[in-house]
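My notes follow in the order I took them.

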Amino acid sequence: MKAATAYIDTEALRRNMAQIRQQAPGCKLLAMVKANGYGHGLEQVATGLPDADGFGVARIEEALSLRACGVVKPILLMEGFYSPSDLPVLVTNNIQTVVHTIEQLEALEQASLEMPVKVWLKIDSGMHRLGVRPEEFQQFVDRLHASENVAQPLRYMSHFACADELDSPVTDSQIQTFMSLTQGCRGERSLANSAGILAWPDSHLEWIRPGIIMYGISPFADRTHSAEAFGMQPVMTLTSSVIAVRTVKQGEAVGYGGTWVSERDTKVGVVAIGYGDGYPRTAPNGTPVLINGRRVPIAGRVSMDMLTVDLGPDATDRVGDEAVLWGQGLPAEVVAEHVGTIAYELVTKLTSRVTMAYR
């Protein structure tokens, strides 16, 4: 009997990548492995993707971990460097960086480096989070071209704000802004995230940046645009075990605060997983758990180490049976919808108490 275990299917990961390449033929693929490989294991995901053309990370520590485990392909620091003292580290370890602020530009101009750094200039095409504004674009380009610390040619990127909303006019506007600014630039470009890859082919350009879809999870809230509909398979299946089966009578409450009261005589299963493992405490009554091929609803509040499910009065489930919290047979998107969050948050918030098993 096993407690919380996340099974990572590396073959499903590779199949998903093959599907992504079919969606955007001819594009180079920058696989997003930030946030510990979206909770799937940074080093294991990267080494399990020999066909990726490069990897995207958020923090310099992630990039250094990849280099330490033998990854030699390009690595891009998606938020850029935080301090001028990071620049020699980037040079030594052949790490590419995004530039999106005047402070980063000035640090590059003033640094004394043994070799130039490969730079991606990030454009704020409409998300208004990071990036240089369109009216600042040419000034940044000119100064980056003039700096001996910047490898030429420059590369260019931006990020979508609403690509997962298929009826939003924002994405078309962002594509037009980005294309207008980079027209005539000889460096490679990247615009498409997971939603862009699947739904906005005009954004594919030279590089695509698959994130959540690479792990078999759809970026879209609409059930008709599920990961399965695009030929993707879940890479993570989070499981635990039933550690008790109890009889609960009509009118009896279960769990902290008595927020669930049984409407009938029934059987309740106790599953060894809780918010101490990263399963969301906010999961409401009715959130599905897969046990013996059927979805059963959570009954009562999620505890630190356990949660309870209503198995039904005629249940034959036993102690030791496996419970699937999300993954094969129960998409993370379905659980996220019940919780009122996105599947990204579910898979990235697992704690160190969860055993990671690769197969």
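**Entry 1: overall layout**

I began with the contacts in the protein chain that have a separation of 6 or more; 62% of them join residues 24 or more positions apart. I note that this is a predicted model. I counted 11 helices and 18 strands in the protein chain. I looked up burial next: of the 359 residues, 52% count as buried. Along the principal axes, the C-alpha atoms fill a box of roughly 75 × 40 × 35 Å.

**Entry 2: the nonpolar cores**

Which residues touch the most other members of the largest nonpolar core? I found Y279, L307 and W326, in a core of 111 residues. Helix α10 gives the most to this core, with five residues. I also noted another core that lies apart from it, of five residues, including V248, V254, V268 and A299. For background, I wrote down that nonpolar side chains in soluble globular proteins tend to be buried together.

I then listed the neighbours of L307, leaving out residues up to four places away in sequence. L307 touches G269, V270, V271, I273, Y279, V289, I298, V302 and L325.

**Entry 3: helix α10**

Since α10 had come up, I looked at it residue by residue. Helix α10 covers residues 332-339, and six of its eight residues are buried, so the helix is largely enclosed by the rest of the structure. The buried ones are A332, E333, V334, V335, A336 and V339. I put E333 on my list with the others, as it too is buried.

What covers the buried residues of α10? The cover includes three strands, β14 (288-291), β15 (294-297) and β17 (322-326). It also includes helix α11 (343-348). G340 follows α10, and its phi is positive, near 85°.

**Entry 4: aromatic pairs**

I found six aromatic pairs in the structure. One of them, Y38 with Y215, is stacked, at 4.9 Å centre to centre and 25° between the planes. Y38 sits in helix α2 (residues 34-38), and Y215 in the loop between β9 (207-208) and β10 (236-248), so this pair ties together parts that are 177 residues apart in sequence. Buried or exposed?

I turned to a second pair, F137 and Y156. Their ring centres are 5.9 Å apart and the planes meet at 50°, so I logged the pair as tilted. The pair links distant parts of the chain, with F137 in helix α7 (residues 137-146) and Y156 in strand β7 (residues 155-157), 19 residues apart. Both F137 and Y156 are buried.

I also noted a cluster: ring pairs link Y38, Y215 and Y344.

**Entry 5: the second largest pocket**

I looked up the second largest pocket, which holds about 330 Å³ of space. Its lining has 21 residues. Which of them lie nearest its centre? They are V254, G255, Y256, S303 and T308.

Four strands each supply at least two lining residues: β10, β11 (253-254), β13 (266-271) and β16 (307-310). β10 gives the most, with three residues. By class, I have 11 nonpolar, five polar and five charged residues in the lining of this pocket.

**Entry 6: the cavity**

How many cavities of 30 Å³ or more are there? I got a count of one. The largest cavity has a volume of about 50 Å³. Its lining includes K122, I123, D124, S125, G126, M127, H128, R129 and L130. S158, H159 and Q174 also line the cavity. By class, the lining of the largest cavity has three nonpolar, six polar and three charged residues.

**Entry 7: P84**

My last stop was P84. P84 is placed in the loop between β4 (75-77) and α5 (87-92). P84 is exposed, with a relative accessible area of 51%. The cut-off for exposed is over 50%, so P84 falls on the exposed side of it. I also checked P84 against A111: they are 27 residues apart in sequence, and their C-alpha atoms are 7.4 Å apart in space.

Methods. Residues are numbered from 1 along each chain as its sequence is written. This is a predicted model: local features need pLDDT of at least 70, side-chain atom pairs count only at pLDDT 80 or more; totals for chains, interfaces and linings use all residues. Side-chain values use heavy atoms; hydrogens and water are left out. Buried means under 20% relative accessible area, exposed over 50%, partly exposed in between (1.4 Å probe, protein chains only). Contact means heavy atoms within 4.5 Å. Rings of Phe, Tyr and Trp (its six-membered ring) pair if their centres lie within 6.5 Å; planes under 30 degrees apart count as stacked, over 60 as edge-to-face and the rest as tilted. On a 1 Å grid over the protein atoms alone, a cavity is a set of points where a 1.4 Å probe fits but cannot get out, and a pocket is an open set with protein on both sides within 12 Å along at least five of seven lines; lining residues have an atom within 4 Å of a point. Grid points are joined across faces, edges and corners, and a volume is the space filled by probe spheres set on the points. Ala, Val, Leu, Ile, Met, Phe, Trp, Tyr, Cys and Pro count as nonpolar, Asp, Glu, Lys and Arg as charged, and the others, Gly among them, as polar. A nonpolar core is a set of buried Ala, Val, Leu, Ile, Met, Phe, Trp, Tyr and Cys residues joined through side-chain atoms within 4.5 Å.
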